[in-house]
Amino acid sequence: MESPSGSLGDDERKRDANPSWFEVGSDRVRLLRDGVEAFPAMLDVIAAAQREVLLEMYWVGADAVGQRFREALTERARAGVKVCVIHDAVGSIGITPSWWRPLTAAGGRVVEYHSISPLDPRFRLERVELRDHRKLLVVDGRHGFTGGINLATPWLPLQEGGTGWRDDMVQVLGEASEELRTLFYRTWRKLTRESAPLDVRPLSRRHTRPVWVLASQWRTRRSIHREYVVRVSRARERVDIANSYFVPDRRVRAALFRAVRNGVHVRVLVPSKSDVLVVQFAVEALFDTLLRHGVEVWALPGTMLHAKTAIIDDEFTTIGSYNLDERSWRKNLEVNMAVEDRAFARHVRGWYERDLQSASKIELSTWRDRSVVRRGFEWAAFAMRRLW
């Protein structure tokens with residue numbers, strides 16, 4: 001990824017220039033850690049696009065990262081490739097129509113999700129709380145990406161002007177990418193009233209392959225929330241979760257506690273310091289009850305942990321945009337990729353273990369020593385969890 005000065009950051013790129021691919025059914029999948037791996041992989045696939053580039057992104061930064069992706073999309077649009085972009089009005093609040101002008105002038109299409117400007121004829125007050133939190137890229141219906149990584153400078157390494165946020169993305173090559181494409185066109189149709197291309201496949205209520213898409217706000221077997229509850233409830237050996245805004249509802253907490261009672265080793269990794277203070281207090285409000293029920297809680301210091309990843313029994317892995325909180329469940333458009341494969345699960349857990357080596361384990365005895373004032377902030381933040 002180019003830095004603000006225009007250099008490519010070769011040292012960082014060489015850190016893991018070719019993350020491992022795993023053959024899973026008819027698809028190939030690989031884990032991309034942080035912007036240093038995800039950004040070059042995404043840009044390479046965009047540059048090779050022949051027919052179609054679909055980007056659905058919560059946060060596109062009006063910064064060096066956003067500009068680099070805009071340039072890549074614009075180049076493809078000039079070459080005659082169909083380019084469609086959806087960005088969220090709140091997440092990409094620094095972006096204006098004029099910022100996108102190079103792309104739209106080249107023939108690309110850009111649509112804003114749920115405008116927050118009362119001057120916009122598309123503005124609806126009842127939609128302000130409903131956001132598109134997805135991070136999704138599909139190229140030529142075969143190359144797909146999703147995860148927690150947005151197109152903004154916090155995901156750049158420190159030496160390239162970023163803050164090195166710790167995050168995960170999954171790249172898929174194969175049929176599962178078509179499911180991401182279908183999801184994109186559902187949102188596109190909602191915003192533009194345009195019908196999807198004839199070759200877009202409808203999504204079945206159940207998955208039929210070992211790599212498949214999960215989504216929020218679906219009352220089907222494709223629901224991310226349902227998948228978490230079911231998978232955790234059925235766990236036999238271990239549950240490992242990394243989640244940036246970990247404020248699970250009662251059903252998820254009950255599943256975690258039930259797993260512990262059944263002898264399952266349950267670990268949760270959260271940031272030591274969130275980028276959103278009220279969320280940090282809400283997350284910490286649950287530490288006491290989690291620890292009392294035998295759930296291990298680990299906090300990653302330093303940079304912000306923004307990943308939304310879970311590995312269960314070294315058999316099932318899910319990576320995506322879904323935070324285990326009220327907003328992701330009830331208000332946001334979200335997307336996760338699910339993978340049933342032991343080799344891939346072990347690979348992802350290996351990196352999870354590496355993150356734990358840099359984290360601190362929260363102990364119940366010392367956690368209870370925190371001040372009454374802090375407890376008050378925690379209680380207030382948790383009580384307001386359905387409002388933010």
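Which side chain of opposite charge is nearest to the buried Asp27, and how many Å away is it? The legends below start there. This is a predicted model, where local features need pLDDT of at least 70, side-chain atom pairs count only at pLDDT 80 or more, and totals for chains, interfaces and linings use all residues. Residues are numbered from 1 along each chain as its sequence is written, and side-chain values use heavy atoms, leaving out hydrogens and water.

**View 1. Asp27 and its charge partner that is not quite a bridge.** Arg209 is the nearest side chain of opposite charge, 4.2 Å away (Lys and Arg count as positive, Asp and Glu as negative; His and the chain ends are not counted).

**View 2. The surroundings of Asp27.** Asp27 sits in strand 2, residues 27–33 (strands are DSSP E runs of at least two residues, helices H or I runs of at least four, numbered from the N terminus). Its side chain reaches the backbone nitrogen of Glu175 at 2.6 Å. Beyond four places in sequence, its contacts (heavy atoms within 4.5 Å) include Phe22, Val172 and Val211.

**View 3. The largest nonpolar core, with 80 residues.** Such a core joins buried Ala, Val, Leu, Ile, Met, Phe, Trp, Tyr and Cys residues through side-chain atoms within 4.5 Å. Val53, Val239, Ile241 and Leu256 have the most contacts inside it. Helix 2 (residues 34–47) gives the most to this core, seven residues.

Note on methods. Buried < 20%, exposed > 50% of the residue type's maximum accessible area, 1.4 Å probe, protein only. Salt bridge = Lys/Arg side-chain N within 4 Å of Asp/Glu carboxyl O. Polar contact = N/O pair within 3.5 Å; in protein donor to acceptor, adjacent residues only side chain to side chain.
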